[in-house]
Amino acid sequence: MRRFKQFHLIVIPIAMFGFGYLMVPIYDIFCDITGLNGKTGSISQAEVDALDADQDRRVRVEFISALNQNAQWDFYPEVKSMKVTPGKSYTTTYTATNRLDQNTVGQAVPSVAPAQAATYFNKTECFCFVQQSFEPLESRQMPLVFVVDPKLPEDINTLTLSYTFFDVNSRIN
């Protein structure tokens, strides 16, 4: 019985370390499967210019916004949806407002649905790339420049881009 307990004292910490070590790759696989946590593509303007637009196809892109729990922000897309031609670049904006009378920092985290479409949604410019610092009661429009890859599977006609805006620092002095 004593050896059994010693065995557990050795195996359990090793298993816990292994589980912790594997969490990042497991999380990446989960994000690839579900399209969550910003696993969209990023593309340069030169790469966008090299794309051949599919002039015969239109894809609907829907824009959704959410706030994390207890966030003191207003956050919303300027347009709810748009029809786009795969291979062409488009620009839209989201508006964020700090409703507090103190400085705050926010960060947007994107996700795309359906999950298999996430790798075909590419951004050249996005407010989600960096944290956003806001003065008290400041409001601003934040640009998003994107392109839907013309290789998007034909059976996907609608993409939903969702951003969740998180309050990174509730107080900055």
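Colleague: Among contacts in the protein chain between residues at least 6 apart in sequence, what share joins residues at least 24 apart?

Modeller: It is 77%, where a contact means heavy atoms within 4.5 Å. This is a predicted model, in which local features need pLDDT of at least 70, side-chain atom pairs count only at pLDDT 80 or more, and totals for chains, interfaces and linings use all residues. Residues are numbered from 1 along each chain as its sequence is written, and side-chain values use heavy atoms, with hydrogens and water left out.

Colleague: Happy with that! Which element of the protein chain has the lowest mean pLDDT, and which the highest?

Modeller: Strand β1 (residues 41-42) has the lowest, 60, and strand β4 (residues 81-84) the highest, 97. pLDDT is the predictor's confidence in each residue, from 0 to 100. The protein chain averages 82, and 73% of the residues score at least 70. Where pLDDT is low, the predicted coordinates should not be read in detail.

Colleague: How many helices and strands does the protein chain have?

Modeller: Two helices and 10 strands, in the order α-β-α-β-β-β-β-β-β-β-β-β along the sequence. Both kinds are DSSP runs numbered from the N terminus: helices are H or I with at least four residues, strands E with at least two.

Colleague: Why is A66 called partly exposed?

Modeller: Its relative accessible area is 30%. Buried means under 20%, exposed over 50%, and partly exposed in between (1.4 Å probe, protein chains only), so A66 falls in the middle class. A66 sits in strand β2 and touches F75, Y163, T164 and F165, leaving aside residues up to four places away in sequence. A66 and S162 are 96 residues apart in sequence, yet 7.6 Å apart from C-alpha to C-alpha.

Colleague: Which residues touch the most other members of the largest nonpolar core?

Modeller: F127, L144, F146, L159 and Y163, out of 30 residues. Strands β2, β3, β4, β5, β6, β7, β9 and β10 each supply at least two residues of this core. A nonpolar core is a set of buried Ala, Val, Leu, Ile, Met, Phe, Trp, Tyr and Cys residues joined through side-chain atoms within 4.5 Å. The neighbours that L144 touches, beyond four places in sequence, include F63, Y90, F127, L161 and Y163.

Colleague: What share of the 173 residues in the protein chain is buried?

Modeller: Buried residues make up 36% of them. In soluble globular proteins, nonpolar side chains tend to be buried together.
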